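Try each task before reading its solution.

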Amino acid sequence: ALSHVDTVIFEKTGTLTTGKPKLVQIIALKGISEAKLLENAAIAEKFSEHPLGKALVQAACSRGLSPTDPERFEALPGLGIRALVDGEDVFLGRPNSLEKQGISISKEIREKAGSLEASGCSVILVSVGGRTEGLFVFEDELRQESRLVVQKLGELGLNIVIITGDNHAATQRMAKSIGVKELFSEKMPQEKVEIVRTLQSLGHKVAFVGEGVNDGPALAQADVGIAMGIAG
């Protein structure tokens with residue numbers, strides 16, 4: 001099957017990037033302290049398998065916080081996570097994910113998130129009790145090998161595509177830096193599957209390279225699925 005592949009799809013996080021994002025900025029709103037905001041988020045994300053969730057927990061621990069277990073935890077693939085912390089509903093996700101949950105976001109917060117994403121960062125908002133209380137800003141480094149891999153695959157005559165749930169500005173910036181022209185950003189897990197199916201319906205043989213957290217269905221749909229796993 002691999003010998004017939006003509007299209008290689010990369011899910012960005014943990015494949016082309018290191019998959020080890022770092023928390024670089026906390027923006028607390030409405031008088032809440034950065035420490036309290038981070039603590040609530042880390043408790044909510046304690047059982048998360050997502051790289052951004054793990055980065056939040058790691059950041060909290062490195063600052064001397066000891067996140068307790070949430071009273072309830074639910075992972076929402078492609079959207080974010082919901083947890084019960086100190087009796088209050090906590091939701092973490094991208095701006096459009098909060099809106100899908102019926103949580104209002106002010107114009108100022110949306111513009112701030114947009115400008116940060118345009119600079120290549122990933123932004124996660126946190127709401128507590130239905131109120132948006134802050135933003136977390138992350139950076140994920142490009143793997144040193146990514147440019148060379150894309151170059152070599154191109155020389156073999158393969159089409160290279162990037163699919164990600166991450167924001168468009170950050171994805172476009174990274175794609176340009178490694179020479180990939182075709183990309184799909186801000187996609188849910190099921191939308192990734194549909195893109196694979198569409199390419200297959202056009203006669204392409206597709207290899208999907210994913211980190212594995214949200215990519216199971218797309219890995220299974222592709223002619224060849226390559227799961228890099230947590231270790232990359």
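Two exercises follow, each with a worked solution.

This is a predicted model, where local features need pLDDT of at least 70, side-chain atom pairs count only at pLDDT 80 or more, and totals for chains, interfaces and linings use all residues. Residues are numbered from 1 along each chain as its sequence is written, and side-chain values use heavy atoms, with hydrogens and water left out.

**Exercise 1.** Work out which residues of helix 6 (residues 168-178) are buried and which are exposed.

*Solution.* 
- Step 1: Ala 170, Thr 171, Met 174, Ala 175 and Ile 178 come out buried (under 20% relative accessible area with a 1.4 Å probe, protein chains only; exposed is over 50%).
- Step 2: These residues sit on the same side of helix 6, because their arc around the axis is only 125° (taken from the directions from the helix axis to the C-beta atoms).
- Step 3: Arg 173 and Lys 176, on the other side, are exposed.
- Step 4: Now the ends: a side-chain oxygen of Asn 167 lies 3.2 Å from the backbone nitrogen of Ala 169, capping the N-terminal end, while Gly 179, with a positive phi near 85°, follows the helix.

**Exercise 2.** Find what helix 6 gives to the lining of the second largest pocket.

*Solution.* 
- Step 1: Fifteen is the count to start from: 15 residues line this pocket, and Ala 170 and Arg 173 are among those nearest its centre.
- Step 2: Helix 6 gives the most, four residues; strand 7 (131-139) also supplies at least two.
- Step 3: Sorted by class, the lining has five nonpolar, five polar and five charged residues.

Key
A polar contact is a pair of N or O atoms within 3.5 Å; within protein, one must be able to donate a hydrogen and the other to accept it, and residues adjacent in sequence count only if both atoms are side-chain atoms. On a 1 Å grid over the protein atoms alone, a cavity is a set of points where a 1.4 Å probe fits but cannot get out, and a pocket is an open set with protein on both sides within 12 Å along at least five of seven lines; lining residues have an atom within 4 Å of a point. Ala, Val, Leu, Ile, Met, Phe, Trp, Tyr, Cys and Pro count as nonpolar, Asp, Glu, Lys and Arg as charged, and the others, Gly among them, as polar.
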